[in-house]
Amino acid sequence: MNAQQTIRLAVIDNDSGFVTVLSKRTETAGWQQRVLSSAIPPEELVAMKLNALLLDPSVLGDEAWGYLERVCAMLPDLGVIVCTGRSTVAQRVRGLRLGVEDWIAKPCHPEEVMARIEAVSRRRRRSRAGVEAGPVVVGELEIRADQFQAFVGDGSLDLTRREFELLQLLADAKGQVLEREAIYQRVWGYAMAHGDRSVDVFIRKLRQKLEKCSPGWRYIHTHFGVGYRFDPESGPGAGPEVSQIGSEEAAEAENSQVVHSSFTVA
């Protein structure tokens, strides 16, 4: 990893065994890591010029939710990753909606933790690069990386962050067929498990939003057994494409999106 790609990581965790092992791995990888025993003001995190913050909310007790909200609001470019013990679905959903980027369940392997941090950092770098490049116009769509959103005229597609990242990836590779595994690797950040239909589910959702806002165009084309191609087409024959997964598969894939991680804060 070259100097420009060196990850600057802060860790808020009091699990000495976990922190020690992780620190040895990150040092070997050439990362710059700072371990914090308690929360520090978000302003100080800004000064540290971090790529990612790895946080166990149980260390912060009752202050965890408020701290997460302040950090995510004040540092939108910082990848916040929760690494903790057991949690409920409601807690994970609440954290994700606050702006937490990823969740990892303890006990966990340090290599997986590092891979997830790298994935978050890559996504953030791509987002910044897209902002600097300005909006992209394809068909009736205007894709604005600075807003993580796409527009047709004055209407917004109301995309989630993951849906936007998927759209941006496909649009950047306009005319090229991207395999599902490659899409998953670049958007989710790690290898796709066998049988995972997450890419298909998110493509289906994205198509529905595109068809609603831009019904005269077809943007995403399926290459069965391979992947997808982004290539806007208008006029006759540009209507909706039949989904290749059924409702049961879609529901199963959607359920698989709930990250089985942990979060002990009430």
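**Exercise 1. Find which residues G189 touches, leaving out residues up to four places away in sequence, and decide whether G189 is buried or exposed.**

Solution. With contact taken as heavy atoms within 4.5 Å, G189 touches A115, A119, R122, R123 and Y184. The model is a predicted one, in which local features need pLDDT of at least 70, side-chain atom pairs count only at pLDDT 80 or more, and totals for chains, interfaces and linings use all residues. Residues are numbered from 1 along each chain as its sequence is written, and side-chain values use heavy atoms, with hydrogens and water left out. Next, G189 and I117 are 72 residues apart in sequence, while their C-alpha atoms are 9.1 Å apart in space. Finally, the relative accessible area of G189 is 7%, so this residue is buried (buried is under 20%, exposed over 50%, partly exposed in between, with a 1.4 Å probe and protein chains only).

**Exercise 2. Describe the ring pair of W217 and Y219, and say how accessible each residue is.**

Solution. Rings of Phe, Tyr and Trp (its six-membered ring) pair if their centres lie within 6.5 Å, and planes under 30 degrees apart count as stacked, over 60 as edge-to-face and the rest as tilted. By this rule the count comes to two aromatic pairs. One of them, W217 with Y219, is stacked, with 6.0 Å from centre to centre and 20° between the planes. W217 has 22% relative accessibility and therefore counts as partly exposed, whereas Y219, at 2%, counts as buried.
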